[in-house]
Amino acid sequence: AARALNSDEAQAFDLVHAFGHTCWPFAAETARQAGAALALEVHSTKAAAQAVRRRPTGGAGATVYLLPDASLERLVRAGDAGVEIRTTPWGVHTPGGTDASARKGTSAFIDGGGSDRAAMLAMLEGLASVAPAHPDLMVFADEGAAQQSGAWPVARRLGLTDRFTLTPDIEARRELALRGDILILPEGRGEHRSLTLDAMAAGMLVIAAEDPAVTVLADGRTARLVHRPSAEAWREALHWALNEPAGARALAASGREHVRQHCRASAHVAAVMGAYEWMTSSASIPFASS
């Protein structure tokens, strides 16, 4: 990278935008060598904590943190009022012709990071208590999350293996997941996932652990939230989703309409481009304190 940046043939660029927080040190060094501004995407409370610990800097102008949700701002500032922040809510395309009423409630996809074993266990126990009454229900779990959380042995112990399938990288290969009826998010760990928005836009019902850092998950408006990480709470939510199809479809339709109105891909692009323009203008040049 250094050789390319120092080459006479290298194409100049003004800005480096880094997404995953594990690549922030590399992005910061690239921006420093290129004399470019640095934009860091903070998509989770974990990334916000990383921002506070390190405060990476680029080579020109201000380092700006781009947040998909204003709820993360307090965490990123962490006592430093001078941190540059722009809220750039994520958006997706809402496909036309999607009809939530066509969902049959017979396929559920489980997504998440897999780091909260207790949350996964509680959800699976709740699922196992309602599954016998719904022989057509099929469950697909992200393979990485299932392995990290130990979900497969639990599913075997609970008698779910005849309807439980591990699916590689649901986030990256979401075409299959978006054909499902229900998206289950067992972990409320302050992590934004674009799959959640895509699922809502596709007319899926979202059932998720309560997560104050992800405000798009609004109980009764965009999703059914599980307020306690217990098997009983998950049983209640899943029983409702599978036994009250009219209510489940209405909530899924409400979530889809919210995304269509408030989480548009075009609005996200406009917000990011606005942040880029500010960062590369003279207005963003910081002045050293005396």
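A residue is called buried when its relative accessible area is under 20%, exposed when it is over 50%, and partly exposed in between, using a 1.4 Å probe and protein chains only. The structure is a predicted model, in which local features need pLDDT of at least 70 and side-chain atom pairs count only at pLDDT 80 or more, whereas totals for chains, interfaces and linings use all residues. Residues are numbered from 1 along each chain as its sequence is written, and side-chain values use heavy atoms, with hydrogens and water left out.

**Terms for the secondary structure**

- Helices (H or I, at least four residues) and strands (E, at least two) are DSSP runs, numbered from the N terminus.
- Two strands are said to pair if DSSP finds at least two bridges between them.
- In general, strands of a sheet pair through backbone hydrogen bonds, either parallel or antiparallel.

- Six strands form an open sheet in the order 7-6-5-8-9-10, with parallel pairing.
- Strand 7 (164–167) and strand 10 (224–226) stand at the edges; each has a single partner strand, so one side of each is left without a neighbour in the sheet.
- From one strand to the next, the twist averages 20 degrees, where axes are lines fitted to C-alpha atoms (for helices, over the stretch in contact) and angles run from 0 to 180 degrees between N-to-C directions.
- Helix 5 (residues 117–130) packs on this sheet and touches strand 5 (107–110), strand 6, strand 7 and strand 8 (182–185), contact being heavy atoms within 4.5 Å.
- The direction of helix 5 makes about 170 degrees with that of strand 5.
- Strand 6 (residues 138–142) pairs with strand 7 in the parallel sense over four bridges, and Val 139 stands opposite Phe 164 in strand 7.

**Strand 5 and its surroundings**

- Strand 5 pairs in the parallel sense with strand 6 over four bridges and with strand 8 over three bridges.
- Phe 109 has a bridge partner on each of these strands: Phe 140 in strand 6 and Leu 183 in strand 8.
- Ser 107 and Phe 109 point one way from strand 5, Ala 108 and Ile 110 point the other way, and all are buried.
- Ser 107 has a relative accessibility of 13% and therefore counts as buried.
- Not counting residues up to four places away in sequence, Ser 107 touches Leu 137, Met 138, Phe 140, Arg 179, Gly 180, Asp 181 and Ile 182.
- Strand 5, helix 5 and strand 6 make a right-handed β-α-β unit; right-handed means that, with the strands pointing away from the viewer, the path from the first strand over the helix to the second runs clockwise.

- Four strands form an open sheet in the order 1-2-3-4, and the pairing is parallel.
- Strand 1 (15–18) and strand 4 (84–87) stand at the edges with a single partner strand each, so one side of each is left without a neighbour in the sheet.
- The twist averages 25 degrees from one strand to the next.
- Strand 1 and strand 2 (residues 37–41) run parallel and are joined by four bridges; the bridge partner of Ala 18 in strand 2 is Leu 40.
- Helix 2 packs on this sheet, touching strand 1 and strand 2, and its direction makes about 165 degrees with that of strand 2.

**Helix 3**

- The buried residues of helix 3 (residues 45–54) are Ala 47, Ala 48, Gln 50 and Ala 51.
- They cover an arc of only 160 degrees around the axis, which puts them on the same side of helix 3; the arc is that of the directions from the helix axis to the C-beta atoms.
- What covers these residues includes helix 2 (24–34), strand 3 (63–67) and helix 4 (73–77).
- The exposed residues Lys 46 and Arg 53 are carried on the face turned away from the buried side of helix 3.
- Just after helix 3, Arg 55 takes a positive phi of about 50 degrees.

**Glu 191**

- Glu 191 is placed in the loop between strand 8 and helix 9 (194–201).
- With a relative accessible area of 35%, Glu 191 is partly exposed.
- Glu 191 and Lys 46 are 145 residues apart along the chain, yet their C-alpha atoms are separated by 7.9 Å.
- Glu 191 touches His 43, Ser 44, Asp 211 and Val 214, not counting residues up to four places away in sequence.

**Cysteines**

- A disulfide is a pair of cysteine sulfur atoms within 2.5 Å, and by this rule the count comes to zero disulfides.
- Cys 23, at 30% relative accessibility, counts as partly exposed.
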